Amino acid sequence: MDTRLDALVSLLRAAPGQIFIQPHDAPDPDAIASAFGLQYLLSRHGLRARIIYGREYEKVDARRMVELLGIELSMASDASSIDSEDWIVIVDGQRGNTNMADLHCIEVAAIDHHERRPDASYRFLDIRPASGSCSAIIAEYFFENQETPPRLVATALLYGIFIDTDCMTRGVTDLDGLMFYRLYAFAEPDIFRRLRSSQLTLHDLATYADAFRTVKTYGRLAFLRLADADDSLIGAANDIVLSLDEIDASIAYSVRPDGV
């Protein structure tokens, strides 16, 4: 019986030009790991795919991940050979999302764990909103095809699951748990620990310190204001406020030159 990977490979063999894998803009560890894992799987079937994205990643652990694991990816603005006939496989996102750059190629496939867009139309589709991470979906492609994940790929996917499920505490499904367990046997624990301890910079710490002085609470609801901060900092700061025993819900926002 053909697997989902078999179906995707069969489709991509007909590509008239290059094949690109596109994670969402400012890709986080889950998006980067998913693209990295899929790139390796396609290479095992003789298909060369380049990872390309629209806007620079913001999280320090994403940068460290690329460095430590030797992941090759390029910003679309730096790529000079994209043609309108090239094919794109989208991972951890879908065409039409505000965080998905239009690269003016043909989006033939999407692999994602977010809710399916009503206008989603692809020749290959694997969208599982019940999954806590996209990395778990890609990891399953390895095991259902009897592919052993290389240590660096396994480490990337393991970390992608860990981060997108907020340390295995948010939206975790049986698939996330099983893939985390199976990947762990192949991963590099030292690299995983280094990634785990590379989530903030001193600049981030200063931003947080200023932001936490702005916290206002109304019963068990909190509001948090950050100065001009990127999306990842807003989310990370909000997670810290949500970890407070007295808070059930929190709204974080940043005042930027172009608006809130």
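Strand β4 (residues 87-91) is mostly covered, with 5 of its 5 residues buried; buried means under 20% relative accessible area, exposed over 50%, and partly exposed in between, with a 1.4 Å probe and protein chains only. The model is predicted: local features need pLDDT of at least 70, side-chain atom pairs count only at pLDDT 80 or more, and totals for chains, interfaces and linings use all residues. Residues are numbered from 1 along each chain as its sequence is written, and side-chain values use heavy atoms, leaving out hydrogens and water.

On one side of β4 lie Trp87, Val89 and Val91, and on the other Ile88 and Ile90, all buried. In a regular strand the side chains alternate between the two faces of the sheet.

β4 belongs to an open sheet of 6 strands with parallel pairing, in the order β3-β2-β1-β4-β5-β6. Strands here are DSSP runs of E with at least two residues, helices are runs of H or I with at least four, and both are numbered from the N terminus. Two strands pair if DSSP finds at least two bridges between them. The edge strands, β3 (73-75) and β6 (124-127), each pair on one side only. From one strand to the next, the twist averages 30 degrees.

| Strands | Bridges | Facing residues |
|---|---|---|
| β2 and β3 | 3 bridges | isoleucine 51 and leucine 73 |
| β1 and β4 | 4 bridges | isoleucine 19 and tryptophan 87 |
| β4 and β5 | 5 bridges | valine 89 and alanine 109 |

Helix α2 (residues 29-43) packs on the sheet, where α2 touches β1, β2, β4 and β5; contact means heavy atoms within 4.5 Å. The direction of α2 makes about 165 degrees with that of β2. Axes are lines fitted to C-alpha atoms, for helices over the stretch in contact, and angles run from 0 to 180 degrees between N-to-C directions.

Arginine 117 sits in the loop between β5 and β6. Its relative accessible area is 25%, so arginine 117 is partly exposed. Not counting residues up to four places away in sequence, arginine 117 touches Gln94, Arg95, Gly96 and Asn97. Its C-alpha atom is separated by 9.8 Å from that of isoleucine 127, 10 residues apart along the chain.

Valine 260 is found in the segment after β9 (249-254). Valine 260 counts as exposed because its relative accessible area is 78%.
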